[in-house]
Amino acid sequence: MKLQEARTKTASFDYSPDDMPRREDMPGVCATDPNPGFWFPEDYSYGAKQKVTEYAKAGCARCPVRDACLSLSLKNGEQFGIWGGLTATARGKLMKGNAA
């Protein structure tokens with residue numbers, strides 16, 4: 001999904017930088033999951049990191065605010081964690097692709 005598409009799809013979640021919601025304030029899967037650390041796989045060793053990443057992405061796939069979450073992370077320049085179903089690396093690539 002291109003950045004502009006993410007922004008368009010999440011127009012109802014279009015916040016200014018001053019009133020940007022926090023991840024835990026959004027009604028997403030990660031906010032109520034019993035394993036909130038799983039959305040930050042950088043804290044895990046390589047083998048566990050893959051499993052934790054898969055777990056978080058599966059949660060994002062069924063999340064009602066996935067697009068808003070991705071948009072929020074792109075606007076905030078989040079450098080860690082799974083946001084909107086994407087890793088920090090994937091979000092970086094998305095941003096680079098939109099900068100061209």
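Which helix has the lowest mean pLDDT among the elements of the protein, and which the highest? After that, what does R91 touch?

A: This is a predicted model, so confidence comes before detail: where pLDDT is low, the predicted coordinates should not be read in detail. Among the elements of the protein, helix α1 (residues 3-9) has the lowest mean pLDDT, 40, whereas helix α3 (residues 46-61) has the highest, 92. Over residues 1-17 the pLDDT stays under 50, and the model has 27 contacts beyond four places in sequence for that stretch. For the protein, the mean pLDDT is 79, with 71% of its residues reaching 70 or more.

Turning to the part in question, R91 is found in helix α5, which covers residues 88-99. R91 is buried yet has no salt bridge, and the nearest side chain of opposite charge, that of E42, is 5.9 Å away, while a salt bridge would require the atoms concerned to lie within 4 Å. Leaving aside residues up to four places away in sequence, R91 touches L70, S73, L74, E78, Q79, F80, G81, I82, W83 and L86. Of helix α4 (residues 66-76), the buried residues include L70, S73 and L74, and this helix is followed by G77, whose phi is positive, near 65°.

A88 also lies in helix α5, but A88 is partly exposed, with a relative accessible area of 24%. A88 and S73 are 15 residues apart in sequence, and their C-alpha atoms are 9.3 Å apart in space.

Methods:
Residues numbered from 1 in each chain as written. Predicted model: local features only at pLDDT ≥ 70, side-chain atom pairs only at ≥ 80, totals over all residues. Heavy atoms only, no water. Helix = DSSP H or I, 4+ residues; strand = E, 2+ residues; numbered from the N terminus. Buried < 20%, exposed > 50% of the residue type's maximum accessible area, 1.4 Å probe, protein only. Lys, Arg positive; Asp, Glu negative; His and termini not counted. Contact = heavy atoms within 4.5 Å. pLDDT = per-residue confidence, 0-100.
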